Amino acid sequence: MIARRLVLSAALLFALPAAAQNAKMYSVKKDASSLTYKLIHKMHTVSGKAPPSEGKAVLKPDGTLQVAVRAQVKDFDSQNSNRDTHMLEVTEAARFPLVEVKAVGTGVKPPATFPGSVPVTLKGKLTFGVYDPTMYAAM
């Protein structure tokens with residue numbers, strides 16, 4: 001069996017923070033963000049991306065960032081329609097229509113200006129039909 005690895009990156013660009021008592025709440029800017037997968041195969045590497053259908057983040061005063069982002073599997077685009085159609089079959093997109101990322105990062109500081117972006121390494125749970133704990137980078 002060929003080993004495959006899925007790496008998921010979430011480009012999280014945060015909107016203005018909502019008022020919160022001890023933590024700052026952020027929403028993902030859907031039009032400026034994406035979830036990206038990268039499949040490493042011995043013959044080639046493939047990547048595809050999709051706009052998030054929703055996403056939220058909470059930045060606690062101690063610098064802990066909690067992120068939850070989801071996207072529709074059908075929205076992933078690898079720039080190859082045959083590959084995308086096959087990916088929908090293999091991942092059973094009709095049965096598992098969503099990709100969800102729930103992750104935590106530490107030592108995070110808010111962007112200097114809003115909207116803004118901050119590179120963050122997150123560790124968490126990726127739900128893509130199955131559970132696979134992995135590391136991801138959000139930029």
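Predicted model: local features only at pLDDT ≥ 70, side-chain atom pairs only at ≥ 80, totals over all residues.
Strands, like helices, are runs assigned by DSSP and numbered from the N terminus, and on this basis Pro 52 is found in the loop between E5 and E6. With a relative accessible area of 5%, Pro 52 is buried, because the term applies to residues under 20%. The C-alpha atom of Pro 52 lies 9.5 Å from that of Glu 100, although 48 residues separate the two in sequence.

The protein as a whole contains 11 strands and 1 helix. Read from the N terminus, the order of these elements is β-β-β-β-β-β-β-α-β-β-β-β. The protein has 139 residues, of which 37% count as buried, and it exposes about 8500 Å², with carbon and sulfur atoms supplying 56% of that area. Of the contacts between residues at least 6 apart in sequence, 56% join residues at least 24 apart. The mean pLDDT of the protein is 78, and 77% of the residues reach 70 or more. Over residues 1–20, however, pLDDT stays under 50, and for this stretch the model has 69 contacts beyond four places in sequence.

Strand pairing can be followed through E8, which comprises residues 98–105. Strand E7, residues 65–72, runs antiparallel to E8 and is joined to it by 8 bridges, with Ala 71 standing opposite Val 99 of E8. E8 also pairs in the antiparallel sense with strand E10, residues 120–127, over 5 bridges, and here the bridge partner of Ala 103 is Gly 124 in E10. Gln 66 lies in strand E7, and its C-alpha atom is separated by 6.7 Å from that of Gly 105, a residue 39 places away along the chain. Gln 66 is partly exposed, with a relative accessible area of 34%. Leaving aside neighbours within four places in sequence, Gln 66 is in contact with Lys 56, Ala 57, Val 58 and Lys 60, and also with Ala 103 and Val 104.

The side chain of Thr 64 makes a polar contact of 2.9 Å with the side chain of Asp 62. Beyond four places in sequence, the contacts of Thr 64 are with Val 58, Leu 59, Val 104, Gly 105 and Thr 106.

In soluble globular proteins, nonpolar side chains tend to be buried together. The largest nonpolar core of this model has 25 residues, among which Leu 65 and Phe 76 touch the most other members. Two or more residues of this core come from each of strand E4 (34–40), strand E5 (45–50), strand E6 (54–59), E7, E8 and E10, and E7 gives the most, with 4 residues. When neighbours within four places in sequence are set aside, Phe 76 is in contact with Leu 35, Tyr 37, Gly 48, Lys 49 and Ala 50, as well as with Asp 84, Met 87 and Val 99.

The helix H1 spans residues 81–90, and at its start a side-chain oxygen of Asn 80 reaches to within 3.1 Å of the backbone nitrogen of Asn 82. Most residues other than glycine have a negative phi. Against this background, two residues in the loops around H1 deserve mention. Gln 79, in the loop between E7 and H1, has a positive phi near 70 degrees, and at 70% relative accessibility Gln 79 counts as exposed. Glu 92, which lies in the loop between H1 and E8, likewise has a positive phi, near 55 degrees. Glu 92 is partly exposed, however, with a relative accessible area of 36%.

Methods. Residues numbered from 1 in each chain as written. Heavy atoms only, no water. Buried < 20%, exposed > 50% of the residue type's maximum accessible area, 1.4 Å probe, protein only. Contact = heavy atoms within 4.5 Å. Areas by Shrake-Rupley, 256 points an atom, 1.4 Å probe, with all protein chains shown as cover. Pairing = 2+ DSSP bridges. Core = buried A, V, L, I, M, F, W, Y, C linked by side-chain atoms within 4.5 Å. Polar contact = N/O pair within 3.5 Å; in protein donor to acceptor, adjacent residues only side chain to side chain. pLDDT = per-residue confidence, 0-100.
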